[in-house]
Amino acid sequence: PPDDFSIMGQNWGFPTYNWEVMKRDGYQWWKNRFRKMAEYFDAYRIDHILGFFRIWQIPNDAIHGLLGTFYPAMPYTADEMRNNYDFWMNRERFTKPYIHESFIWDIFGEYTEEVKDRFLINRGDYRYDLQEFVGTQRGVKEYFDQFAADDKNKHISEGLMQLIDDVLFIVDRNDPSKYHPRISAQSTRIYQTLNDYEKGCFNRLYDDFFYRRHNQFWY
């Protein structure tokens, strides 16, 4: 996840463990691994031990760590957010990139009109959607890998990835009726569109989710 040293998080490119499958044969893969290492070493140091009970999973189509979620976790339902925090979930508004005319220039500067023409779809209400071929960060990377990594292409590709990060919630990959608050969501532009009461409600559910909700569950 993001921290003070890496505000986008870190994507190490490692696959995460499928504990349900490993359990079926008594975790034989792990036993084999330690048995083989014992041929070379007298002691083991297991780094990032937290990953054995919860890990930060980043989708295959993401580059930044901001779009990750803890696994296992207990994401919210829309009813739970409404009943417990008085926060009304709007899936269309809060789970898709928020792209508004008011800040596009701030991101893309002199390339703004080109970006609108090549990569965005005008919705007609000062809002834009991304073209499908750059609808994910992986898609953005693959597209720009075709071209020279000059300042212009770097600026545009980083800006598009920034737009993709701008969501308030991430849909759970196993149950699409449940939602994870996006980590560091208070830094997003979609968060700034909330009124003060909505921000207060969101902050309460966010703090519960990241600092209290999972303590006993992970224990």
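In what sense do β6 and strand β7 pair, and over how many bridges? The model is predicted. In it, β6 and β7 (residues 178-181) pair in the antiparallel sense, over three bridges. I170 stands opposite H180 in β7.

**The sheet**

These two strands belong to an open sheet of three strands, ordered β3-β7-β6, with antiparallel pairing. The edges are β3 (76-77) and β6 (169-171), each of which pairs on one side only. Helix α10 (residues 196-211) packs on this sheet and touches β3, β6 and β7. The direction of α10 makes about 90° with that of β7.

**The α5/α6 crossing**

Helix α5 (residues 101-108) and α6 have axes that come within 9 Å and cross at roughly 110°. Angles of 65 to 115 degrees count as roughly perpendicular, which makes α5 roughly perpendicular to α6. The crossing of α5 past α6 is right-handed. Both helices contribute residues to the contact, as listed here.

| Helix | Residues in the contact |
|---|---|
| α5 | E101, I104, W105, F108 |
| α6 | T112, V115, K116 |

**Helix α7**

Which residues of α7 are buried? In this helix (residues 137-144) they are Q137, G139, V140, Y143 and F144. They lie on the same side of α7, because they cover an arc of only 160° around the axis. An α-helix has 3.6 residues a turn, so residues three or four places apart point the same way. The cover over the buried residues of α7 includes α6 (112-119) and α8 (151-165).

Methods:
Residues are numbered from 1 along each chain as its sequence is written. This is a predicted model: local features need pLDDT of at least 70, side-chain atom pairs count only at pLDDT 80 or more; totals for chains, interfaces and linings use all residues. Side-chain values use heavy atoms; hydrogens and water are left out. Buried means under 20% relative accessible area, exposed over 50%, partly exposed in between (1.4 Å probe, protein chains only). Helices (H or I, at least four residues) and strands (E, at least two) are DSSP runs, numbered from the N terminus. The arc is that of the directions from the helix axis to the C-beta atoms. Contact means heavy atoms within 4.5 Å. Two strands pair if DSSP finds at least two bridges between them. Axes are lines fitted to C-alpha atoms, for helices over the stretch in contact, and angles run from 0 to 180 degrees between N-to-C directions. Angles under 35 degrees count as roughly parallel, over 145 as roughly antiparallel, 65 to 115 as roughly perpendicular and the rest as oblique. A crossing is left-handed if the near helix is turned anticlockwise from the far one by less than a right angle, and right-handed if clockwise.
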